[in-house]
Amino acid sequence: MQTTGTGTSRTLSLTAAKDNRELFKTSVPIEGQVSDAIATNLNDDKYPELFVFVAGAGSGSYGRLVGYEFMNQGHRPLTLPELSGPAASGYMGHDEFRVEGSQLLRSFPVYRPDDPNSTPSGGIRTVAYTMEPGMGLTVAGFSDAPAQTP
């Protein structure tokens, strides 16, 4: 995996190989920078996934996933479902991603209506995603943690 380009418009190049044999190669335009990458198998089937997390350019650093599931005869792209409904309330970016057990977790600060971009006061929301065999990522639920008091 590598990124090329200057500024915030970059190209993410991915290559997967096994036993010195190239299995997959692609290039994807991204806005921002790669914040992390994880190889996992969320649904514990025989097909691993690769998640590349991108922090968008700008003050919001909106998170994006570039993901693939690798199968016997190829691969399929994986995307995060659109953040919507109550889980999206107060969302203004600043995403952090991690894998715990069989879930992909996305955490971000919650903004109240009068909060400036630099000072969220609504705590931290964590959205959990799961992956059933043969399906993409789905929202399993979300939880809120209260704001830390100074």
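1. Leaving aside neighbours within four places in sequence, D95 is in contact with S61, Y62, G63, R106, S107 and F108. The model is a predicted one. D95 sits in the loop between β7 (74-78) and β8 (96-100).

2. Is D95 buried or exposed? D95 is buried, because its relative accessible area is 12%, and the cut-off for buried is under 20%.

3. The side chain of D95 reaches the backbone nitrogen of G63 at 2.5 Å. The side chains of D95 and R106 are joined by a polar contact of 2.8 Å.

4. Next, the nonpolar cores. In soluble globular proteins, nonpolar side chains tend to be buried together. Here the largest nonpolar core has 17 residues. Those touching the most other members are F51, F53, L80, L83, L104, Y129 and L137. At least two residues of this core come from each of β5, β9 (103-109) and β10 (124-131). The largest share belongs to β10, with three residues.

5. Leaving aside neighbours within four places in sequence, L137 is in contact with L42, F51, L65, T79, L80, P81, L104, Y129, T130 and M131. Another core lies apart from the largest one. This other core has 11 residues, including I30, V54, V66 and Y68.

6. Now the empty space. Rolling a probe the size of a water molecule over the atoms shows where such space is left. The largest pocket holds about 450 Å³. Its lining counts 21 residues, and A16, L23, P48, F70 and M71 lie nearest the centre. Two or more lining residues come from each of β2 (9-18), β3 (21-31), β4 (33-40), β5 (49-55) and β6 (63-71).

7. Which strand gives the largest share of that lining? β2 does, with five residues. By class, the lining of the largest pocket has 13 nonpolar, four polar and four charged residues.

8. The second largest pocket has about 150 Å³ of space. Its lining is made of P109, P120, S121, G122, G123, I124, A145, P146, A147 and Q148. Six of these lining residues are nonpolar and four are polar. How many are charged? The lining of the second largest pocket has no charged residues, whereas that of the largest pocket has four.

Technical notes:
Residues are numbered from 1 along each chain as its sequence is written. This is a predicted model: local features need pLDDT of at least 70, side-chain atom pairs count only at pLDDT 80 or more; totals for chains, interfaces and linings use all residues. Side-chain values use heavy atoms; hydrogens and water are left out. On a 1 Å grid over the protein atoms alone, a cavity is a set of points where a 1.4 Å probe fits but cannot get out, and a pocket is an open set with protein on both sides within 12 Å along at least five of seven lines; lining residues have an atom within 4 Å of a point. Grid points are joined across faces, edges and corners, and a volume is the space filled by probe spheres set on the points. Helices (H or I, at least four residues) and strands (E, at least two) are DSSP runs, numbered from the N terminus. Ala, Val, Leu, Ile, Met, Phe, Trp, Tyr, Cys and Pro count as nonpolar, Asp, Glu, Lys and Arg as charged, and the others, Gly among them, as polar. Buried means under 20% relative accessible area, exposed over 50%, partly exposed in between (1.4 Å probe, protein chains only). A polar contact is a pair of N or O atoms within 3.5 Å; within protein, one must be able to donate a hydrogen and the other to accept it, and residues adjacent in sequence count only if both atoms are side-chain atoms. Contact means heavy atoms within 4.5 Å. A nonpolar core is a set of buried Ala, Val, Leu, Ile, Met, Phe, Trp, Tyr and Cys residues joined through side-chain atoms within 4.5 Å.
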